[in-house]
Amino acid sequence: MTLLQICIFIIISLLTGAFIPKSIRGWFLIILNILAVFWLQPVSPIRHLDFWLPVVGIFLVVLAWFLSNQSCNHRQTWITIGIISGTIVAVSLLRYLDPICCITASRPPSIIQILIFAIPAILIICLINHQFPGNKRFTVIIFLVIVSIFIILKTDIFTYYSSKILRSLSGQDQSLASPLDLGWIGFSYLAFRLLHYLRDNQTGKIPANSLDEFFNYALFFPAYSAGPIERFPNFLKELRKPIENRCMRLWISPHDFYQGSIRIVNGVFKKFVLADTLAIIALNSQNAAQINSTFWAWVILYAYSFRIYFDFSGYTDIAIGLGRYMGVQLPENFASPYLKTNLAMFWNCWHITLAQWFRAYIFNPLTRFMRTAKFNFPAWLIILSAQFSTMILIGLWHGVTLNFAIWGLWHAAGLFFHNRWSDWRKSHHFYWENIQGVNKMLTFISWLITFNYTVLGWVWFALPNPQISGKILGILFGAK
Amino acid sequence: MAVTYSSSQKDQKVSLMRVVIKALCLFFIFNFLFLFFDPLPLLGQVSIYNHLVPGRERLPYGEQPEKSFNLNLYQLDAMFNSHKIAGKEKPENEFRIILIGDSSTWGFLLSPQETLASVLSAKNLSTLDGKQIVVYNLGYPVMSLTKDLLILDRSMQYHPDMIIWLITLESFPYDKQLFPPLLQNNREEVQHLLQKNQLKVISQIKELKSPSLWDRTFIGQRRNIADIIRLQLYGIMWAATGIDQDIPNQFDRPMEDLPADQSFHDLMPSHLAAEDLALEILQAGYTTAGNIPLIIVNEPMYISRGENSDIRYNYYYPRWAYDDYRQLLSKQCTANHWTCIDLWNSIEPGNFSNTAVHLTPKGIIQLADLLLNQISFGGSD
């Protein structure tokens with residue numbers, strides 16, 4: 001998000017929070033979310049892709065809801081469908097209004113092209129709604145579709161071939177295809193929300209909800225591009241909670257306004273002052289090839305570490321602040337992770353909602369499976385397998401590259417070591433533990449090791465290939 | 001909006017209206033104080049260069065900061081304080097030479113170690129009285145004698161023992177004098193310099209926009225402040241990499257085939273008159289230098305052998321204009337007893353990089369040798 005986009009979102013969120021009554025806020029939010037999703041989508045060299053990607057995202061959301069809900073309030077549902085379709089059509093019709101065209105990054109396709117997509121899409125939804133509501137097989141199919149899109153978007157070679165196919169469909173030169181053509185903003189987070197909803201719905205953890213509520217959850221614009229990944233039941237609770245402490249007949253409570261403003265100011269400062277300033281000196285693939293000094297290599301690595309933290313947590317603060325303006329309290333995503341004294345605590349405080357997602361859908365099921373399996377796995381092996389699988393997947397979530405996988409491995413190894421060390425320490429006590437000051441020193445050493453282990457991990461994360469990461473690690477430890 | 005917020009946790013009351021009014025008052029007071037005291041020169045004095053990171057080998061200039069770890073800024077104090085010349089008091093045993101000039105002196109497409117100043121310094125020469133010769137690069141990539149004069153004037157605070165001023169005809173026309181952004185953003189200092197030396201260029205000073213009151217507030221100066229901060233940050237990358245310029249692997253060679261164009265700026269043949277060139281700025285340079293020896297070097301240029309090379313020497317110069325310029329310069333030098341070295345055709349065409357005045361590393365070595373052959377460093381006397 002740019003500063004201009006954030007400013008406009010602040011105004012819109014504030015106006016929504018202040019003047020739109022609860023009774024119609026759900027539908028109003030649908031319109032806002034759709035407009036924001038179109039607006040945030042960056043331009044693509046493939047014709048109309050910046051229009052179609054958000055449309056596909058919206059379609060997946062609607063489809064996921066219909067697949068998961070057997071009974072529904074038909075009137076409310078179809079009003080919601082009408083608002084969604086109407087907003088999409090309105091966005092596309094902007095192509096005819098030159099002075100205000102367009103909310104999308106490029107001119108949207110013609111209404112005929114949209115109808116060619118819309119008619120089968122609505123037919124599929126009607127068919128599912130009437131014939132297969134709650135059908136598990138279809139749920140699995142949509143599950144696989146989302147995961148497949150995710151893998152395609154995160155893997156350069158697949159994105160490249162997808163770009164070729166899309167270029168041929170739009171009659172463009174295939175030789176110009178590039179993995180960068182398919183930049184689908186926010187899809188990672190959307191996919192996680194959809195997968196969470198589909199999975200928890202199967203296990204009966206999702207309370208009854210309406211399409212507008214789910215739609216606003218999946219595409220809630222403050223959290224659309226950079227999280228946090230809220231759990232649906234919590235979001236629903238926030239959405240449905242009554243507004244208290246109204247002031248001057250405004251719907252926003254002074255408390256929400258105050259807290260929201262503080263978070264936004266914090267977020268803007270972190271992102272646009274601290275992170276963007278540190279970006280000048282932060283490690284990247286260009287300067288990694290040029291550094292020639294151990295001392296300065298550490299400096300730019302630390303700069304990267306703080307830059308990524310301020311950047312990401314700044315965006316989270318802004319998202320939380322915007323949410324507060326509209327009466328929705330989004331979850332925290334960061335809690336001073338660099339001050340933690342072991343890696344497990346770090347991962348409880350870094351990108352908290354992502355870590356929780358992986359814990360809920362990868363780590364816990366895997367450990368449960370291994371514990372209940374016929375073969376009696378030793379505890380250390382269960383921990384090892386679960387931590388390595390989870391962390392490698394977290395790494396690959398950022399992009400299917402060797403370096404992201406190594407970054408995941410790096411943290412998995414650290415977590416596994418910490419787990420074993422903690423177990424060992426529980427059964428071993430030393431006389432010097434009771435000496436005054438030793439505990440403080442041990443805490444400091446633990447922090448120092450954890451922080452620098454995390455910082456060194458960024459060498460894999462920030463750079464594109466193991467060769468250059470290896471070179472930087474060499475320089476960091478004195479190699480010329 | 002007299003909204004009162006009562007925190008449930010701390011039971012403290014915050015009047016939003018008061019917060020807004022106080023913030024606005026502080027904002028206006030701060031801007032007013034900034035306008036009144038103009039702390040920018042003071043800010044320019046604060047520098048991590050020569051303290052936390054090494055001073056730069058040349059003045060900051062860079063159009064792609066993220067690649068060159070260098071940027072264009074116009075705050076002269078910050079620029080000079082980032083240079084290694086501002087690093088320490090001049091040692092007793094140092095014979096300090098400063099080079100001023102355009103992009104060829106600054107070292108376009110050359111690494112910091114390949115510039116003329118670095119090549120001369122690397123020769124580890126000494127004067128007859130045993131002082132170590134250290135050459136500082138104070139070139140700046142714009143062609144304008146007024147710009148050179150501004151830098152010369154500033155650099156006098158660093159106590160040079162000798163000044164070498166590399167010039168070329170393109171720096172002389174009057175219409176070139178005040179166009180560099182460096183001058184436009186330092187109007188008061190330029191105006192003072194022109195008035196002090198009674199230069200004709202003063203008549204063009206109206207072209208330089210005088211900063212409004214708004215421009216002088218904190219908000220108006222935000223770009224300059226940001227540039228000073230960025231210069232400091234890029235200092236870290238300069239220290240980490242030793243890079244201050246993005247040098248492409250490939251670039252276009254100087255134009256060989258030239259247009260059949262006789263014009264030079266708005267002048268046409270037959271003869272270039274002394275009034276067409278800002279020759280008096282050279283005199284101002286001598287006045288500024290005072291007793292310090294100043295050597296004027298007419299820098300080498302690329303001489304084309306392609307189509308229309310009988311009309312033009314290169315992209316910049318038609319033959320008639322350049323020939324006349326050399327004669328005018330020679331006359332001035334003789335009449336004023338200036339030390340002038342004319343090296344206009346002394347470098348092989350193959351030793352030019354991308355323009356008619358930019359030299360390759362090999363060309364720079366050749367130029368350094370030519371200069372050393374003609375300059376004697378007699379010592380402090």
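Guide: In this predicted model, a residue counts as buried if 20 or more other C-beta atoms lie within 10 Å of its own.

Visitor: What makes H3(A) a mostly covered helix?

Guide: Of the 20 residues of H3(A), 16 reach that cut-off and are buried, so the helix is called mostly covered.

Visitor: How do you know that the length of helix H3 of chain A is close to the one expected?

Guide: Helix H3, residues 49-68 of chain A, reaches 28 Å from its first C-alpha to its last; the expected span is 1.5 Å times one less than the number of residues, and because this gives 28 Å for its 20 residues, the helix is close to expectation.

Visitor: What makes residues of domain 1 and domain 3 of chain A count as being in contact?

Guide: Two residues are in contact if their C-beta atoms lie within 7 Å, and by that rule seven residues of domain 1 of chain A are in contact with six residues of domain 3 of chain A. Helix H6 (136-154) and helix H8 (187-202) of chain A each supply at least two residues of the domain 1 side, and the largest share, four residues, comes from H8(A).

Visitor: How do you know which classes of residue chain A brings to its contact with chain B?

Guide: The contact takes 18 residues from chain A and 13 residues from chain B, and the side of chain A has eleven nonpolar, seven polar and no charged residues.

Methods:
Residues are numbered from 1 along each chain as its sequence is written. Chains are lettered from A and ligands numbered from 1 in the order in which they are written. This is a predicted model: local features need pLDDT of at least 70, side-chain atom pairs count only at pLDDT 80 or more; totals for chains, interfaces and linings use all residues. Ala, Val, Leu, Ile, Met, Phe, Trp, Tyr, Cys and Pro count as nonpolar, Asp, Glu, Lys and Arg as charged, and the others, Gly among them, as polar. A residue is buried if 20 or more other C-beta atoms lie within 10 Å of its own, exposed if 12 or fewer, and partly exposed in between; C-beta atoms are placed from the backbone.
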